[in-house]
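This report walks through a two-chain model for a reader who meets it here for the first time. Please look over the sequence and the structure before reading on.

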There are 2 protein chains.
Amino acid sequence: MSDQKLTFDDFQPGLRFALGPRSITAAEIIDFAREFDPQPMHLDEAAGRASILGGLAASGWHTSALFMRMMAESFLLNSFSQGAPGVDFMEWRKPVLAGDTLSGHSTVMETRQLRSRPGIGMVKFRHEVLNQKAELVCRAENSIMFVMRETLEKTA
Amino acid sequence: MSDQKLTFDDFQPGLRFALGPRSITAAEIIDFAREFDPQPMHLDEAAGRASILGGLAASGWHTSALFMRMMAESFLLNSFSQGAPGVDFMEWRKPVLAGDTLSGHSTVMETRQLRSRPGIGMVKFRHEVLNQKAELVCRAENSIMFVMRETLEKTA
């Protein structure tokens, strides 16, 4: 156990973590789409241009997965995370196109101890992902579970 | 244009589409996690067993991406889908473990024409994904855009 790893107690409302930057290529968009979302606008440049997305566009689920990766690198891998029970909402506000570079931030909104799981607390975040033009491409809120510091001290 | 492909007009409240079945392997769980969610419980059997997930468990985003794939195969690839603006909520109710087989259904809740995008309508779905023990592992609601039949007839 490292003293530096974040516990529930370290997440105070207003605390903000930077996400990214992370670029996305046409090949990555097509690979993800082939496996998980093989709709034409995610597989083919011409089909993307003909759709309301306006170009070869990442599946919303691909954008969400990249957001997850940025969150892991930003703070989750340096924490006692216990995973998340879901997503309160996720908005795909603008298309993410081949060549875009994503960045953003996750901000702590509120925290609470869990009665159902002693020793674990829930942290609610607001997440925003922007492209290189500072346009909001994805917005979400969700809660993530973290081990409480006193639990670690008891079992140390 | 095939007459068989579903337009907005074909989605009536109560209509239900079967999803899956689709199995998930340990190698797939680890591959997805390495790329998008490299937390220990998604990468390693022992770390998974030590976590509240109880075994090598898929990232919730992996479960969501597989749900997307099942939805594409069930009805989206046979439709005039124009993509989705997001997810109203998504709950990861139980861990999805290596060897699990997922199935489920997407049910039309309501439909409405879009004032902002003439010729396109929005269909709201409730989605449920179950494992081979008929346990609910994932539940979500979201809306998907489809071209209206009259738009196709005008441009045919």
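## A span of chain A and its fold

In chain A, the end C-alpha atoms of residues 21–115 lie 37 Å apart, and this span is 38% helix and 23% strand, where helices (H or I, at least four residues) and strands (E, at least two) are DSSP runs numbered from the N terminus. The UniProt annotation "domain: MaoC-like", from an unreviewed entry, covers residues 21–115 of chain A; UniProt positions are given in the numbering used here, feature names are shortened, and annotations may be inferred rather than shown by experiment.

This is a predicted model, in which local features need pLDDT of at least 70 and side-chain atom pairs count only at pLDDT 80 or more, while totals for chains, interfaces and linings use all residues. Residues are numbered from 1 along each chain as its sequence is written, and chains are lettered from A and ligands numbered from 1 in the order in which they are written.

Chain A has five helices and six strands, which follow one another from the N terminus as β-α-α-α-α-β-β-β-β-β-α. The C-alpha trace of chain A spans about 60 × 30 × 25 Å along its principal axes. Of its 156 residues, 40% count as buried, a residue being buried if 20 or more other C-beta atoms lie within 10 Å of its own, exposed if 12 or fewer, and partly exposed in between, with C-beta atoms placed from the backbone.

## How the two chains meet

The contact takes 29 residues from chain A and 29 residues from chain B, two residues being in contact if their C-beta atoms, placed from the backbone, lie within 7 Å. On the side of chain A that touches chain B, helix 4 of chain A supplies the largest share, seven residues. Because 100% of the interface residues of chain A are also interface residues in chain B, the copies meet through the same surface.

Strands also pair around this contact, two strands being counted as paired if DSSP finds at least two bridges between them.

| Strand | Partner strand | Bridges |
|---|---|---|
| strand 3 of chain A | strand 2 (residues 86–87) of chain B | two |
| strand 2 of chain A | strand 3 of chain B | two |
| strand 3 of chain B | strand 6 (residues 136–147) of chain B | four |

Within these pairings, A:Glu91 has B:Gly86 as its bridge partner in strand 2 of chain B, A:Gly86 has B:Glu91 as its bridge partner in strand 3 of chain B, and B:Glu91 stands opposite B:Arg139 in strand 6 of chain B.

Leaving aside neighbours within four places in sequence, A:Met71 is in contact with A:Leu19, A:Leu76 and A:Ser106.
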